[in-house]
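Here is a short briefing on one protein chain. Please have the sequence and the 3D view open as you read.

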Amino acid sequence: MNSVQKVCAEAEKLSSDPLVLSFLMLRSFFSLVSVVMMVGLMFIERFTKRYHPNATILLRGYLFFTIASAMSTLFTDGVDTFRFLLYRPNNQECRIHLYAGKTAELMIMPTVFCVNALGIMFIFIGVERSIATVYASTYEKMKSTVPGWLLLLVATLVSFAKVVWFLSYSEVDKFNPMSTLGDIPVLIQQTSLGMQLALELLNVVVFSTLYCCNRRYITRKSLIVSSLTYKYQLNENVNSIGLLLQLAWFHCIVSILATSLIIFSVATFSEEEHLRYDLPIDLYPLYHCVFPFVMGYKVLQERRTQRRLKAVGVKERSQYRNQDGHFRMLEDLFEKVDN
């Protein structure tokens, strides 16, 4: 049996495997839902726009990478689903259309890039928030967005460089039954996964430290005599870092679970088991599928808070009007008594 016949047999087996088809369709569906929700949230959310312009650039850049991650998963899994269930080439010896090895790797490269970019972006957001913490008394006055765009560019280039380094060790087969990476040495895979884990843990440590520092600054007695600009920057730091800390923990938990399963599969799975079980154990797409619901909850929570504050303001103004009416009645009464 030559290589084409072998890959063709694998493709036909995968195309009739309920486990593979179920996960392809589920990942495609939830990625589509994620894209629609995230695009909608990009237009209606308001709380990131209240932060410093540099923070807004980085946070919205992070949202963009989340959308890109969902779109890349939707594309690769959607195309594989279409090939397995619907598309049948007429002039090929194989009933299922096969990818050339390099094509299969190029199709999944955007997904690998986005997985790395989401983790690396946290570090550069942490750099910006660290600057905002150290220079809290003057940072709000700095309106230049050059640092934000520069950090976003560096984060993108670092993510791309890591993917290029990783794929430089890949040896692709002539054909592949679905979009996948080539054969990469186990040591390189373990090194890359270890870097990913270390990065996630570092993100949690950085944002936890920044949150504690800013909370401590707010509770200091000397804050009473501080400038309004300084107080505003500290409140912004606490609010933004609190949100980022929750996202960092969530991303860290998903990455630890996904990375641990991948390390286990690299050490124990055969080539055939990799083809069948790589989709179920790949939990990285879980993040961009759940993220819109977390973000949507934050948007609704923010709107409820704004409505509550508005209602309190209306109630207070009504009380003031009632008090004014009461004092006017007393004034009229005293005038009548004097007369």
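Helix axes here are lines fitted to C-alpha atoms over the stretch in contact, and angles run from 0 to 180 degrees between N-to-C directions. With that in mind, take helix H2 (residues 18-44) and helix H9 (residues 271-281): their axes come within 9 Å and cross at roughly 35°. The model is predicted. The points below go from the whole chain to single residues.

**Overall make-up**

- The protein chain has 10 helices and two strands.
- Read from the N terminus, the order of elements is α-α-α-β-α-α-α-β-α-α-α-α.
- The chain holds 339 residues, and 44% of them count as buried.
- Its accessible surface is about 18,500 Å². Carbon and sulfur atoms supply 67% of that area.
- Take the contacts in the chain with a separation of 6 or more: 82% of them join residues 24 or more positions apart.

**Helix packing around H9**

- The H2 and H9 crossing is left-handed. On the H2 side, Leu 19, Val 20, Phe 23, Leu 24 and Arg 27 make the contact. On the H9 side, the residues are Leu 275, Arg 276, Tyr 277, Leu 279 and Pro 280.
- Helix H1 (residues 3-15) also packs with H9, at an angle of about 35° and with the axes 11 Å apart.
- The crossing of H1 and H9 is right-handed. H1 contributes Lys 6, Glu 10, Lys 13 and Leu 14 to the contact. H9 contributes Glu 271, Glu 272, Leu 275 and Arg 276.

**Salt bridges**

- How many salt bridges does the structure hold? There are five.
- Side chains of opposite charge can pair when their charged atoms come close.
- One of the salt bridges joins the side chains of Asp 77 and Arg 27, at 2.5 Å from N to O. Asp 77 sits in helix H3 and Arg 27 in helix H2, so this pair ties together parts that are 50 residues apart in sequence. Both residues are buried.
- Arg 27 also meets Asp 282 in a salt bridge, at 3.4 Å from N to O. Asp 282 is in the loop between H9 and helix H10 (284-338), while Arg 27 is in helix H2. The two are 255 residues apart, and the pair links distant parts of the chain.
- Is Arg 27 buried or exposed? Arg 27 is buried, because its relative accessible area is 13% and the cut-off for buried is under 20%.
- Asp 282 has 23% relative accessibility, so this residue counts as partly exposed.
- Through shared partners, salt bridges join Arg 27, Asp 77 and Asp 282 into one network.
- Glu 128 and Arg 129 form another salt bridge, with the closest N and O atoms 2.7 Å apart. Both Glu 128 and Arg 129 are buried.

**Ser 240**

- Ser 240 lies in helix H8 (residues 228-268).
- Its relative accessible area is 2%, so Ser 240 is buried.
- Which residues does Ser 240 contact, leaving aside its neighbours within four places in sequence? They are Tyr 51 and Arg 129. Arg 129 is also the salt-bridge partner of Glu 128.
- The C-alpha atoms of Ser 240 and Ala 55 are separated by 8.7 Å. Along the chain, these two residues are 185 residues apart.

**Ser 168**

- Ser 168 is in the loop between helix H6 (146-167) and strand S2 (175-176).
- Why does Ser 168 count as exposed? Its relative accessibility is 53%, and exposed means over 50%.

**Nonpolar surface patch**

- Met 25, Phe 82, Leu 85, Leu 86 and Tyr 87 form a nonpolar patch on the surface. Together they have about 500 Å² of accessible area.
- Where is Tyr 87? Tyr 87 is in the loop between helix H3 (53-85) and strand S1 (99-100).
- Tyr 87 is partly exposed, with a relative accessible area of 35%.

How values were computed: Residues are numbered from 1 along each chain as its sequence is written. This is a predicted model: local features need pLDDT of at least 70, side-chain atom pairs count only at pLDDT 80 or more; totals for chains, interfaces and linings use all residues. Side-chain values use heavy atoms; hydrogens and water are left out. Patches are made of residues with over 30% relative accessible area and no salt bridge: like charges are joined within 9 Å, nonpolar side chains (Val, Leu, Ile, Met, Phe, Trp, Tyr) within 5 Å. Accessible areas come from the Shrake-Rupley method with a 1.4 Å probe; for residues, only the protein chains shown count as cover. A salt bridge is a side-chain nitrogen of Lys or Arg within 4 Å of a carboxyl oxygen of Asp or Glu. Helices (H or I, at least four residues) and strands (E, at least two) are DSSP runs, numbered from the N terminus. Buried means under 20% relative accessible area, exposed over 50%, partly exposed in between (1.4 Å probe, protein chains only). Contact means heavy atoms within 4.5 Å. A crossing is left-handed if the near helix is turned anticlockwise from the far one by less than a right angle, and right-handed if clockwise.
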